[in-house]
Amino acid sequence: MLGPFRTDARDVALAQSRAYDRRHLLYSWEGAPFGVSLLDAEGHILQSNEAMRSITGYDAGELARQPVSSYTHPDDVLESVSNFRRLLAGETDSYQLETRLIDKGGCTVWVDCYLTTTQETPGAPWTALGMVQDITSRKLAEVNLQREKADLSRLVETQAKIAAADLGLEGAAQLIAERAQELTGADGATVSILDGADAVTRFAAGQSDAAAEVSVPLLQGGRNVGSLGGTKGAGITDQDRRTLELLAILLSSAVSEAAERAARREQAEALARFETIFERAPIGVGLLSLSGRLRTTNSVMRDITGQSAEELASRNVSEYTVPEDVD
């Protein structure tokens, strides 16, 4: 009787000592910057530090009355419960998981949690030690980075589409407005090109009476040549503005290319008018080079000299000028 009694006494003493150590551990971690908690087999948080209560928004009593699964994000409940059951069944000693909680205020909180069993003796109540780190800021940064990468990909795609289709100003403005609405989630987007002192709206995507508006300029060499704007009921964010600014750069390039095409077209038309006047003139007309050759001549000039255009271009005028008149 003495041996078993002594063994039982040692087990009880050891359990009490570990229970004390566990309570002391939680006490020492009360001011820790990450959440610490003790959970029972039903997933209720029996004890928690201040950081854990701050992360969830619940007080100690509320945490003890409801399982963690009740305030886990619906999309993450299955994975979270599955891992917890494996821990409960002894299939694993611990696990780490990134998951989402819904705090008392209804906000989503991303957490990195580590759970391990703390059962002192085979007969003692099952408990688990949980350590939780709020990683919401990091997750939001990752999401924003992924969004920026996706947006940049769409911007490159837009630029390639404008180039491949050789879109004119109207087509480019329409595509840019549609992309602005799509990438920012805006209710409406407008593109305006300045024509003299007036702003001519080239294209508008969507319709909105939203109060939140933003407009970024289309700049060429520091000169304002138009604007790209958007309206959004949920409000325009800094990311939305950056997206619009990048789209405005693409559109400014399209405006510049359209202006260059228009200039080339005007130059070609002017040259065609000149050539028509030049050729139809009733007198001989020629363009004389510095070397004294008629590089270009009209038909009257060729008739007067009796020479072809090639002959006139290859000979100095002095060669077919009367000798007395050369000087």
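Author: Cys107 counts as partly exposed, because its relative accessibility is 46%; the classes are buried under 20% relative accessible area, exposed over 50% and partly exposed in between, using a 1.4 Å probe and protein chains only. Cys113, at 9%, is buried. What about disulfides, meaning pairs of cysteine sulfur atoms within 2.5 Å? The search of the whole structure turns up 0 of them.

Before going on, a word on the ground rules. This is a predicted model, in which local features need pLDDT of at least 70 and side-chain atom pairs count only at pLDDT 80 or more, while totals for chains, interfaces and linings use all residues. Residues are numbered from 1 along each chain as its sequence is written, and side-chain values use heavy atoms, with hydrogens and water left out.

Now to the sheet. It is open and has 5 strands, in the order β2-β1-β5-β4-β3, with antiparallel pairing. Strands here are DSSP runs of E with at least two residues, helices are runs of H or I with at least four residues, and both are numbered from the N terminus; two strands pair if DSSP finds at least two bridges between them. The edges are held by β2 (45-48) and β3 (94-102), each with a single partner strand, so one side of each has no neighbour in the sheet. From one strand to the next, the twist averages 30°; axes are lines fitted to C-alpha atoms, for helices over the stretch in contact, and angles between N-to-C directions run from 0 to 180 degrees.

Helix α4 (residues 77-88) packs on this sheet, where it touches β1 (35-40), β3, β4 and β5. Touching, or contact, means heavy atoms within 4.5 Å. The direction of α4 makes about 150° with that of β3.

Let's follow β4 and its neighbours. On one side, β3 and β4 pair in the antiparallel sense over 9 bridges. Arg100 has Trp110 of β4 as its bridge partner, and Tyr95 stands opposite Leu115 in β4. These two strands form a hairpin with 5 residues between them, and Gly106 in the turn has a positive phi of about 90°. The β5 partner of Cys113 is Val132, and that of Thr117 is Ala128.

What does the side chain of Thr116 reach? The answer is the backbone oxygen of Asp93, at 3.0 Å. Leaving aside residues up to four places away in sequence, Thr116 touches Leu87, Asp93, Ser94, Ala128 and Leu129.

Finally, step back to the whole protein. It has 9 helices and 11 strands, and of its 327 residues, 35% count as buried. Among contacts between residues at least 6 apart in sequence, 44% join residues at least 24 apart. The accessible surface comes to about 19500 Å², with 53% of that belonging to carbon and sulfur atoms; such areas come from the Shrake-Rupley method with a 1.4 Å probe, and for residues only the protein chains shown count as cover.

Notes
A disulfide is a pair of cysteine sulfur atoms within 2.5 Å. A polar contact is a pair of N or O atoms within 3.5 Å; within protein, one must be able to donate a hydrogen and the other to accept it, and residues adjacent in sequence count only if both atoms are side-chain atoms.
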